[in-house]
Amino acid sequence: VYMVSMNGAPYGIPGIKAGWIKAENTDSPAFEGLMSVRLIDAYLNGKIDGGKLYLSKTVVATKKNVNQIVPWDFFKKPALVNKYMKLPLLEPVANPK
């Protein structure tokens, strides 16, 4: 039986590195917040239209790519904040019907 997890919480990352969690679909609440504020700013400044659906970036992490997980606490590291601020805005996806 393999354990697969979701969320990317900091306390699960050692489990991925150790191999007892085989994979984890990660999503950083800090990254979601940062991208949400950027999208709101873009909307308020007329750079994007409203009424669109945006999905947050996720990383399916395994032992091989665990370093690609966006940390939950990246705001503590200015270099990471700058890195994520320079990313392009998220692209809208089709609204579910």
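The following exercises, each with a worked solution, concern the predicted model shown above.

Residues are numbered from 1 along each chain as its sequence is written, and side-chain values use heavy atoms, with hydrogens and water left out. Because the model is predicted, local features need pLDDT of at least 70 and side-chain atom pairs count only at pLDDT 80 or more, while totals for chains, interfaces and linings use all residues.

**Exercise 1. The elements**

Work out how many helices and strands the protein has, and in what order they run.

Solution. Begin with the definition: helices (H or I, at least four residues) and strands (E, at least two) are DSSP runs, numbered from the N terminus. On this basis the protein has three helices and five strands. Reading from the N terminus on, the elements follow the order β-α-β-α-β-β-α-β.

**Exercise 2. Ser56 and its surroundings**

Locate Ser56, decide whether Ser56 is buried, partly exposed or exposed, and list the residues that Ser56 touches.

Solution. Ser56 lies in the loop between β3 (53-54) and β4. Buried means under 20% relative accessible area, exposed means over 50%, and partly exposed lies in between (1.4 Å probe, protein chains only). The relative accessible area of Ser56 is 25%, and therefore Ser56 is partly exposed. For touching, the criterion is contact, meaning heavy atoms within 4.5 Å. Leaving out residues up to four places away in sequence, Ser56 touches Phe31, Glu32 and Leu90. A further distance concerns Pro29, which is 27 residues from Ser56 in sequence and 9.5 Å from Ser56 in space, C-alpha to C-alpha.

**Exercise 3. Tyr43 and the whole protein**

Find the helix that holds Tyr43, classify the exposure of Tyr43, and state what share of the protein's residues is buried.

Solution. Tyr43 belongs to helix α2 (residues 29-44). With a relative accessible area of 47%, Tyr43 is partly exposed. Finally, of the 97 residues of the protein, 31% count as buried.
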